[in-house]
Amino acid sequence: MLQTEREEWHLLQAHAKSMSREHLFDLFNQSNKRSEALSFRNNDLFIDFSKQRISEETLQLLVDLANASQLQQKIEALFQGESVNRFEQRPALHMALRSPEEARLELNGIDIIGQIHEQLSRMDKLVSQLHSAQWRGHTGRPIRNLVHIGVGGSDLGPLMTNRALCDLKPPTEHDLSVHFVSSMDGSQLSLLLKELEPSETLFVIASKSFSTIDTMANADTALHWLRNGLGAEDRKILQHHFIGISANPEKMTQFGIAADNQLMFWEWVGGRYSLWSCIGFPIAARIGMDNFRQLLAGAHCMDEHFRTTPFLENIPVLLALIGIWNVNFLDIHAHAILPYDGRLASLPAYLEQLEMESNGKHTTIEEHEVSYSTCPIIWGDIGPNAQHAFYQLLHQGTERVMCDFIAPARRYHCEQSGNDELKVQHTLALSNCLAQSRVLAFGDNILKTENQVPAYKRYHGNQPSTTILLDELCPFSLGQLIALYEHKVFVQSVIWNINPFDQWGVELGKVMANETYQALTQSTDRPMMDQSTEAILREIQALQES
Ligand code: F6P
């Protein structure tokens, strides 16, 4: 049955008609128990939905829609390893990556928990070698720089996590820096290579397919740089200066990565869900394996909550359903991610891939065109910086936007005295976070003045937001937070009846880029492009020849 034909969908549409006339200011005035009823805690994470334009009835109607869409059965199918990635005929078992060693899960008769923990142990061993300065480069010098080369899911997760946990002291006295390189044009790599010493540099090539052109082009440049810098034969360079992480061991071998330097993951781990696998190697290299395991434990805690909690108290389910409410019933199609902590600067980019690559789809599982909106436009920035940039539109623009405010309650509390200024800065950030969500919700209703305000100074408010408070930002709470969003994406995909685990939309661009590469590099016998592209090509060629 089409989602829009369900009775539950129609009831939500009717309910939205009355709710869209309500202002958040009035909803709060109607009950002093609103925030109590609409906020929830799971371990280190507290979430407040009360500034969303919902009532308890809205939640019940949304849960009815989820039940009609067989959400519980679909969650079970996901966790059981059924082929939920329908068009690629495979499961999506990223949750297994954070399951404890004693858990049991077989896929086609293979104990995958055993395989996962075997790879984690191999990763642990490599990380210890780096931390104890036992991993030596070709000339015998210890490795001091690890350069992680990957793109998309093979980059954004580890990069975001390392930035988020940058306050943690590495569990080693040995000086080891971790760098990230992703850009296809070589701009990050060329700058970095100027600073690094080849004999002390290890490249980690992270790619599920081990054939993504962006990553392989950077890997080739790195190999070339080492050849020039070390003057050694390729076999030696590859043995001492390259680690590969992939689901494609043949391709790693073809590139020349030594068998002992290959870390594996599996086709049933989507790229954007892979930071929990050996793709997390640079995380463990930076924060240590114990902390990496805490990150996994936090995510596992959210998995258990997601799998076992009734929907009306289930945080990922509610986060997802409220998103559906905003997009499909209140007609809000923009979503801002606003962390009030500079360490979470890369979270918006990470969530952009997670949500938009997963749910940016226009066909249902049954291969019909959808007749409703799916994933909204997601973007964001560090909240306090964004206040001085795009918040004007949130406050007084004409677009409706839903916002997620994210902040840790505690910071700098373990630091030695003398850091009082930093504690003040944290309090400042928190007060701005709370102030912004208030102004967005209530507009100038919260002004204490009786005076008439001119139109250009008026704030209508009624912009919905969710506030997510972490007790503090640590591996466990970050694991919870990321898994929360992963499950949110899954729940929304169930309601929209789309496959969140493939990304065919990016494939055509890759094919076309190959063709255009030929057009740029071959003067004869080359494919012809459209008029506009041909004109731009002529400009490029003229400039390059001048
Ligand atoms: O092009 C999109 C994509 O396939 C993403 O889904 C993925 O995270 C990224 O490219 C990198 O892919 P790989 O890990 O295979 O290099």
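**View A. The pairing of β10 with β11.** A334 has I377 as its bridge partner in β11. Strand β10 (residues 334–339) and β11 run parallel and are joined by four bridges. Strands are DSSP runs of E with at least two residues, helices are runs of H or I with at least four, and both are numbered from the N terminus. Two strands pair if DSSP finds at least two bridges between them. This is a predicted model, in which local features need pLDDT of at least 70 and side-chain atom pairs count only at pLDDT 80 or more, while totals for chains, interfaces and linings use all residues. Residues are numbered from 1 along each chain as its sequence is written, and side-chain values use heavy atoms, with hydrogens and water left out.

**View B. The six-stranded open sheet.** The strand order is β1-β2-β13-β12-β10-β11, and the pairing is mixed. Because β1 (39–42) and β11 (377–380) are edge strands with a single partner each, one side of each has no neighbour in the sheet. From one strand to the next, the twist averages 15 degrees (axes are lines fitted to C-alpha atoms, for helices over the stretch in contact; angles run from 0 to 180 degrees between N-to-C directions).

**View C. Helices on the sheet.** Helix α14 (residues 315–329) lies across β1, β2 (45–48), β12 (402–408) and β13 (465–470), at about 145 degrees to β1. Helix α15 (residues 347–359) packs on the sheet and touches β10, β11 and β12. The direction of α15 makes about 170 degrees with that of β11. Contact means heavy atoms within 4.5 Å.

**View D. The largest nonpolar core.** This core has 122 residues, and I245, F281, L478 and L481 have the most contacts inside it. A nonpolar core is a set of buried Ala, Val, Leu, Ile, Met, Phe, Trp, Tyr and Cys residues joined through side-chain atoms within 4.5 Å. Buried means under 20% relative accessible area, exposed over 50%, and partly exposed in between, with a 1.4 Å probe and protein chains only. Helix α19 (residues 475–496) gives the largest share of the core, twelve residues. Leaving aside neighbours within four places in sequence, L481 is in contact with L45, L347, I406, I468 and L470. Another core, of 25 residues, lies apart from the largest one and includes L189, L192, L193 and A222.

**View E. The surroundings of L202.** L202 is in strand β7 (residues 201–206) and counts as buried because its relative accessibility is 0%. Not counting residues up to four places away in sequence, L202 touches residues including L130, W135, I143, H240 and F242.
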